[in-house]
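Subject: Structure handover

Hello,

Here is the structure I promised to pass on. Please open it next to this email and read along.

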Amino acid sequence: MKFSLTVNGQSRSVDADPETPLLWILRDHLDLVGTKYGCGIGQCGACTVHIDGEAARACSLPLSTLGDKKVVTIEGLSTDASHPLQKSWCSLDVPQCGYCQAGQIMSAAALLAKNPHPTDTDIDESMAGNLCRCATYTRIRAGIHEAAR
Ligand code: FES
C-alpha cells in the first residue's frame, strides 16, 4: 500500500504494509539509519524520533497511524550537526559506544523545546525512558545543561 509521509521537512512516498513500524520505514525504505533498533517494544528509547514535535518511539508506531504528522529524525535535527545538543554532545564527549545517543538527543531536544532550562530533576524525569547500556547518564545530563546555556 502506498503512503505519503513528511520526514525531515520532505514529502516521501513509501510502499509498505500499513502495520510496518515507522522505525523500519525510516531505516529500510528511506535509508535514515540514525534511528536505532534496541528493544522493538517501546522500552529502551533507542528509536526516539519527533512526531509533530513530541518525542515518540518509532518501533511502536505503525505506518498507518502517521497520516500527515511531521516526522523528524536525528538526520533532520539540523542540517550540519549544529544543534546545541549535538555541539554539547561533542564538546563533553557524551557518548561511549554511541548506540543509544541519537535517541537520547531526540528526547533531549523535545525536552528543551518545551523547557529551555530544565533542572536535574526535569532532565532525569524526562529522559528516564532512554536507556544507555554504558551508563552515560551523568554526561547526558551535563550535555543537556550545556545546550541549555
Ligand atoms: Fe523502540 Fe526500544 S527500539 S523503544
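Below is what was found, starting with the ground rules.

This is a predicted model, where local features need pLDDT of at least 70, side-chain atom pairs count only at pLDDT 80 or more, and totals for chains, interfaces and linings use all residues. Residues are numbered from 1 along each chain as its sequence is written.

The contact between them uses 15 residues from domain 1 and 12 residues from domain 2. Two residues are in contact if their C-beta atoms, placed from the backbone, lie within 7 Å.

On the side of domain 1 that touches domain 2, β3 and β4 are the elements that give two or more residues. β3 gives the most, with 3 residues. By class, that side of domain 1 has 6 nonpolar, 7 polar and 2 charged residues. (Nonpolar covers Ala, Val, Leu, Ile, Met, Phe, Trp, Tyr, Cys and Pro; charged covers Asp, Glu, Lys and Arg; the others, Gly among them, are polar.)

The sheet

Helices (H or I, at least four residues) and strands (E, at least two) are DSSP runs, numbered from the N terminus. Two strands pair if DSSP finds at least two bridges between them.

An open sheet holds 5 strands in the order β2-β1-β5-β3-β4, and its pairing is mixed. β2 (10-15) and β4 (54-57) are the edge strands, each pairing on one side only. From one strand to the next, the twist averages 45°. (Axes are lines fitted to C-alpha atoms, for helices over the stretch in contact; angles run from 0 to 180 degrees between N-to-C directions.)

Now the pairs:

- β1 (residues 2-7) and β2 run antiparallel, joined by 6 bridges. Thr6 has Ser11 in β2 as its bridge partner.
- β3 and β4 run antiparallel, with 4 bridges. In β4, Thr48 is partnered by Arg57, and His50 by Ala55.
- β3 and β5 are antiparallel too, over 2 bridges. Here the partner of His50 in β5 is Val72.

β3 and β4 form a hairpin with 2 residues between them. Asp52, in the turn, has a positive phi of about 50°. Helix α3 (residues 101-114) lies across β3 (48-51) and β4, at about 35° to β3.

A residue is buried if 20 or more other C-beta atoms lie within 10 Å of its own, exposed if 12 or fewer, and partly exposed in between, with C-beta atoms placed from the backbone.

This largest core has 38 residues. Those with the most contacts inside it are Leu22, Leu26, Ala58, Ile105, Met106, Ala108 and Ala109. At least two residues each come from β1, α1 (22-29), β4, α2 (84-91), α3, α4 (120-127) and α5 (137-148). α3 gives the most, with 7 residues.

Ala58 is worth a look. Leaving out residues up to four places away in sequence, Ala58 touches Pro21, Leu22, Leu23, Leu26, Thr35, Cys47 and Val49.

Single residues

Val14 is found in β2. Val14 counts as partly exposed because 17 other C-beta atoms lie within 10 Å. Beyond residues up to four places away in sequence, Val14 touches Phe3, Leu5, Ile25 and His29. Val14 and Ala110 are 96 residues apart along the chain, and 26 Å separate their C-alpha atoms.

Two loop residues have a positive phi without being glycine. Ala81, with phi near 55°, sits in the loop between β5 (70-72) and α2. Ala81 is partly exposed, with 13 C-beta neighbours inside 10 Å. Asp93 has a phi of about 50° and lies in the loop between α2 and α3. Is Asp93 buried or exposed? Asp93 is exposed, since it has 10 other C-beta atoms within 10 Å.

Best wishes

Definitions and conventions. Core = buried A, V, L, I, M, F, W, Y, C linked by C-beta atoms within 7 Å.
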